[in-house]
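Please consult the sequence and the structure shown below while reading.

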Amino acid sequence: MASNVLSAAASASPSTSPVTDLLKGKGRLGSGNVGSLFIKDKGNPFLNSKSCGRISMAVAVNVSRFEAITMAPPDPILGVSEAFKADNDEKKLNLGVGAYRTEELQPYVLDVVKKAENLMLERGENKEYLPIEGLAAFNKVTAELLFGADSPVISEQRVATVQGLSGTGSLRLAAVLIERYFPGAKVLISSPTWGNHKNIFNDARVPWSEYRYYDPKTVGLDFEGMIEDIKAAPEGSFILLHGCAHNPTGIDPTPEQWEKIADVIQEKNHIPFFDVAYQGFASGSLDQDAASVRLFAARGMEIFVAQSYSKNLGLYSERIGAINVVCSSTDTAARVKSQLKRIARPMYSNPPIHGARIVANVVGDPALFDEWKAEMEMMAGRIKRVRQKLYDSLTSKDKSGKDWSFILKQIGMFSFTGLNKNQSDNMTNKWHVYMTKDGRISLAGLNLAKCEYLADAIIDSYHNVS
Amino acid sequence: MASKSFSSSSSSSGCSPASDRRISVLARHLVAENALSSSPIYASPTSSANSVFAHIARGPEDPILGVTVAYNKDPSPVKLNLGVGAYRTEEGKPLVLNVVRKAEHMLVNDRSRVKEYLPIVGLADFNKLSAKLIFGADSPVIRENRITTVQCLSGTGSLRVGGEFLAKHYHQRTIYIPLPTWGNHPKVFTLAGLSVKTYRYYDPATRGLNFQGLMEDLGSAPSGAIILLHACAHNPTGVDPTPQQWEQIRRLMRSKALMPFFDSAYQGFASGSLDEDAQPVRMFAADGGELLVAQSYAKNMGLYGERVGALSIVCKDADVAGRVESQLKLVIRPMYSNPPIHGASIVAAILKDGNLYNEWTIELKAMADRIISMRKQLFDALHARGTPGDWSHIIKQIGMFTFTGLNSEQVAFMTREYHIYMTSDGRISMAGLSSKTVPHLADAIHAAVTRMK
């Protein structure tokens, strides 16, 4: 690629383009019809040159400065929905991205959200910039929701809470803080984990490695492997944990296992880093789904927690979440918060108001809050029923005796079917079932009516494809 | 890194694991001071013992947004906030445009609307309409499909995504920013991975443009370097090149293959005309070259807190644009996955509806006119007081801000004695003024200039 990209006078005739002449080594700089050609050592010819007047337009570069850029591969998760849209088969099923669907397989906007938005419209609030750390009312209720309003971390003001762009944005703020203030510290992520976790830490230049998590033999948790790997990590590592409804497996530690995980993290002076994207959405209970985080907080540990309201309040595209850092003192929390602000300011200045106001209104109003809890129970309930139906269909149709009960043991929106890449491809290519290549299906995209069809597809892929 | 002087292992004592844990936690707090005083990490006297964050110092307040923080704390009834650039009405109140309220009502009441994730690049309609707005509906770059436009978080987000893209994929990792420029620019680009240099811009002697310095500095920039250009209403000075000067800048830049990166935060807000304020960008787009432009709807649609903006990259051809777009997605996905829908939907609704669009242009012109009128009133008030100095720059400068030329001591004086809040570089937001408050400001400037040199 020519590094001496030139612009030449448009007045030159096309067949004897001065640019091509020069590139071919012909023509001379300073010749009359290339008045605006850049001449390296002669300082700036433009201020004095009278010939500029003849040139009405400079022909731009012939080669793009971005020519060498290659086409990036499509996002593995979000790309699934795009492929689904392009499929015209009427039997198609989108079990890709984790967005809740009704029994009619339609997107769902919660009633409380509509009510909150109408309230906001009536009030006619302004659209001024939020502070860098976000809406104060939102930050208050989000920390209380997560830790419990009566938690000492709240009353002692030991949590630095900054509104972030849903889960992703909150994770990113934390990742940058880690890179800046814990240089060289590693983050340990579960194997497998949400596909975007690695990208976030890579872009923030935080080194990461994996701890064993999923056991394909049991389609369950490899607890010994997990503990071993956390123990083996260098002291002071960050351990990324899914608060509930592990994505992509749906496999969560039991309460007893959580205690042991906390033990080993404390032993090694690691820092727990929770990703809480499904509080209330997993079991249907906000408190139950926060139990793991609260267990750690009750031990007096310092903790990072990223929250998202995409699923539990259905606010996907509003991008509302928070990063919470539990610190050992009020002053420490204030300092950490100030540094999180310094990270947000050069990224997007301050966060978007709309989603934050919706959350603050719903959580802050007792009637709306109760309604929300009911809607969440309804959503979680539908997913549990679909799991049951899928399990029943698989068990009755599959004569091999394979144990499909992991479908019932797993929790949340996703299920790790245990299908490998080829089998997952078969699901899509033969059965028009769209899912991610790691064998993950989103139960939220399934309804009772389609369970039998899905069971057929899974059985076929599992037994007939390797 | 934090280090404990003991282990909480339950095998070391005869207690149960649970009580062991409780004792460990207690002991940690009791022994902490002694155990850790020798560790260099816990140097901060205010830190709590045994915090892994003990070494994290308090960050300073953002200099621009910090002005409003200080203003809010002031109890004086005559206080004036001329800090952050948010439009205020004649009554000193924030303004939500009528068209915005209308569009919002339409959106919220539309029962068919959902809140599903937007694509990584944002709302498609919004992107197309934003490109049309800045480049002009009949622009060759649009006709030739040579642009990729991605929705981003207002101006800041667009600049950051563009900067990160350039740092990853462009061969020249230096960006030149004007001196002075918006306080957040250097941080945005540094964190994006670019190295930041400056080019001369403001001439304090004339309170105008140092055109010669600008041309010299661009002329000596390495070939291919990125140049940040304020599309109109330069922030903080309000000093813009003339059309003729823009043409010379363009030619120089193209001859050196300098990559233009426009920051367009005030289209329509500066002169009152959307087309006029877009001329510099369109001039560059028309010559067939490549460029980046970050658009913000914070001011011209009053959508500040909704964080609506767009990054457009004009490429040589559609194929390059497609590849560039795919790489922009890789920048966005690990940052926030996909952008917020609300503000972009409002913008799209207004831009695509002929009546709403016309209403918008009228409201926009009214805002711009009010600011121009404030400039005139302030200039007249200083003239009437016989304030020493030439204050004509107040009416020559354009846009929301005026670079008064006051120094930081004079600014501090004005804050102390007259409760005027502004950034220490002497920048005032004309949008924060009203006919009622102009006299107070004029008094303050007069006092500052005559009493503090």
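In this predicted model, the C-alpha centres of domain 1 of chain B and domain 2 of chain B are 28 Å apart. Domain 1 of chain B covers 65-96 + 364-451 and domain 2 covers 117-352, with bounds from an automatic or database domain assignment. Local features need pLDDT of at least 70 and side-chain atom pairs pLDDT 80 or more, whereas totals for chains, interfaces and linings use all residues; side-chain values use heavy atoms, without hydrogens and water. Residues are numbered from 1 along each chain as its sequence is written, and chains are lettered from A and ligands numbered from 1 in the order in which they are written.

**Domain interface in chain B**
- The contact (heavy atoms within 4.5 Å) involves 23 residues of domain 1 of chain B and 21 residues of domain 2 of chain B.
- The two domains of chain B bury about 1,800 Å² between them, 64% of it on carbon and sulfur atoms; buried area is the accessible area (1.4 Å probe) lost on putting two parts together, summed over both.
- Leu364(B), Ile398(B) and Phe403(B) account for 34% of the area that domain 1 of chain B buries against domain 2 of chain B, more than any other three residues.
- Between these domains there are zero salt bridges, a salt bridge being a side-chain nitrogen of Lys or Arg within 4 Å of a carboxyl oxygen of Asp or Glu.
- Seven residue pairs, both at pLDDT 80 or more, are in polar contact between domain 1 of chain B and domain 2 of chain B; this is a pair of N or O atoms within 3.5 Å, where within protein one must be able to donate a hydrogen and the other to accept it, and residues adjacent in sequence count only if both atoms are side-chain atoms.

**Domain interface in chain A**
- Chain A is assigned domain 1 (2-61), domain 2 (78-108 + 374-464) and domain 3 (131-364).
- The C-alpha centres of domain 2 of chain A and domain 3 of chain A lie 27 Å apart.
- The contact draws 20 residues from domain 2 of chain A and 21 residues from domain 3 of chain A.
- Domain 2 of chain A and domain 3 of chain A bury about 1,700 Å² between them, 67% of it on carbon and sulfur atoms.
- Met376(A), Ile411(A) and Phe416(A) provide 36% of the area that domain 2 of chain A buries against domain 3 of chain A, more than any other three residues.
- This interface of chain A has zero salt bridges and five residue pairs in polar contact, both at pLDDT 80 or more.
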